[in-house]
Amino acid sequence: MLSVLDIFRIGIGPSSSHTVGPMRIAQRFWNRLETQGHRNKTHRIRMIFRGSLAFTGVGHGTPRAGALGLLGFKPETIDLDAAEAALRGLHANKRFTRDGLTIQFDPDTDIVLDYEQTAELHPNEMEMQAFDAAGQQLYARTYYSTGGGFTASHRQLSKPAKNDRVTTGGPTVPFRFGSAADLLAICDANNLSIAEVVFANEDARRPREKTCDRLDRVTNVMLAGIERGLKTRGTLPGGLKVSRRASDIWAKLIAAPGANEKETLFDWLNVYAMAVNEENAAGGQVVTAPTNGAAGIIPAIIRHYCCDENGTPEYQKIRTFLATAGGVGLLYKQRASISGAEMGCQGEVGVACSMAAAGLAAVWGATPRQAACAAEIGMEHNLGLTCDPVGGLVQIPCIERNAIGAVKAANAARLAMHGTGHGKVSLDQVIETMRQTGLDMSSKYKETSQGGLAVNVIEC
């Protein structure tokens, strides 16, 4: 059973599967060389990206992220200034020194974007290779970046699940659930909210205080991303010459604080979501919620509905929000996928919208079934959403798509609050529908930039 803290991970933009995942894979391979007794004999390392990691790797910063992971940088603690200095040294010297060893690694030749070989088990495939001084291959291992910063080895991903309904392994938790039906039955039998069930499971892993501290840290990073985005102007990197817009919209909003048009609700949610995703597009620090490409939706809802008029976070309310949203996110991760390369954008923005809708409904006092209904509505109207980033960059349509997703999430929560929570379509049914839709969707529309807007919009 995954922890809810696995869903919310602090990292850097622009993509959790293309930056956070490859950074972790490179680090994982370095550690693996040590455990297998190969590190001291390693003279050169090579990394190969396949599938979506190759097709949109340059625009998503994947080669840069893989190199940073090899240099020892971690997504949660990275100092971006130090990282850029280290990369400049790597490109100049074609080697790096780590743990007392000097390793040959030329980013121009030892980072390979393989467009020919098909990725085997998952469309985000990354192979790491180590060679000795004579040029003989010592060790190689294939990994997959499975979305949201999660990674898996070839062996892990090829091992079939023993039970499709309830996950096995991991720490013993009081309320193990593998479906929304399981979760709601637990809530009914124990008279608990979704957040209370999630917290009870987290208590089996660590003291409640530590869980709350980590959730508060996640909150602070989310809100800090909004603040940076609201204050920063300029053009986003990557060649599309996309201008940041959040700061200008923000300036208009605060210049007319008494504006009473009902439509200004859209403006507030839009500006918060766009602020985060502009920061993500610029490679800034964000939280996977559940991915970087969808990182603006949950912070936007939190900033508008769970902070006071001065923007001060109401942490107790936010903890309930994140625990509920995270519980829903676990269902998608366990029963389907949160990877745009597998599911299209329905697996990123769609899941984030679903999570945010459930969290907001819970904050508004929803029953567990109403919260699950909000999650179902949030996904139902994102089914089939494609991932077709123009130029392979997480900018068009990704930034605006987060703004639309935040508005949808609030509306889904409102609709659910008007009902009893006993809808015609269950959350489990919509998750399975998303999974089947993702499997049926052409690879052109799953983070390869080979279809949709990516080929119909002239890059200029």
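This is a predicted model: local features need pLDDT of at least 70, side-chain atom pairs count only at pLDDT 80 or more; totals for chains, interfaces and linings use all residues.
Let me start with how elements are named here: helices are DSSP runs of H or I with at least four residues, strands are DSSP runs of E with at least two, and both are numbered from the N terminus. On that basis the protein chain comes to 20 helices and 9 strands.

Residues are numbered from 1 along each chain as its sequence is written, and side-chain values use heavy atoms, with hydrogens and water left out.

Now the overall dimensions. The C-alpha trace spans about 70 × 50 × 45 Å along its principal axes. Of the 460 residues, 56% count as buried, meaning under 20% relative accessible area with a 1.4 Å probe, protein chains only.

I turn to the aromatic rings. Rings of Phe, Tyr and Trp (for Trp, the six-membered ring) pair if their centres lie within 6.5 Å, with planes under 30 degrees apart counted as stacked, over 60 as edge-to-face and the rest as tilted. A search of the whole structure finds 8 aromatic pairs. In one of them, Trp30 and Phe96 have ring centres 6.0 Å apart and planes at 55 degrees, so the pair is tilted. This pair links distant parts of the chain, since Trp30 belongs to helix H1 (residues 16–35) and Phe96 to strand E3 (residues 95–98), 66 residues apart.

Trp268 and Tyr272 form another tilted pair, at 6.2 Å centre to centre and 35 degrees between the planes. Here both residues lie in helix H12 (residues 264–281), 4 residues apart, about one turn of the helix, and Tyr272 is buried, with a relative accessible area of 3%.

Finally, which residue has its charged end over the ring of Phe150? Arg9 does, at 4.3 Å from the ring centre, and Lys333 lies over the face of Phe150 as well, at 4.2 Å from the ring centre. The criterion is that NZ of Lys or CZ of Arg is within 6 Å of the ring centre and within 35 degrees of the ring normal.

Key
Buried means under 20% relative accessible area, exposed over 50%, partly exposed in between (1.4 Å probe, protein chains only).
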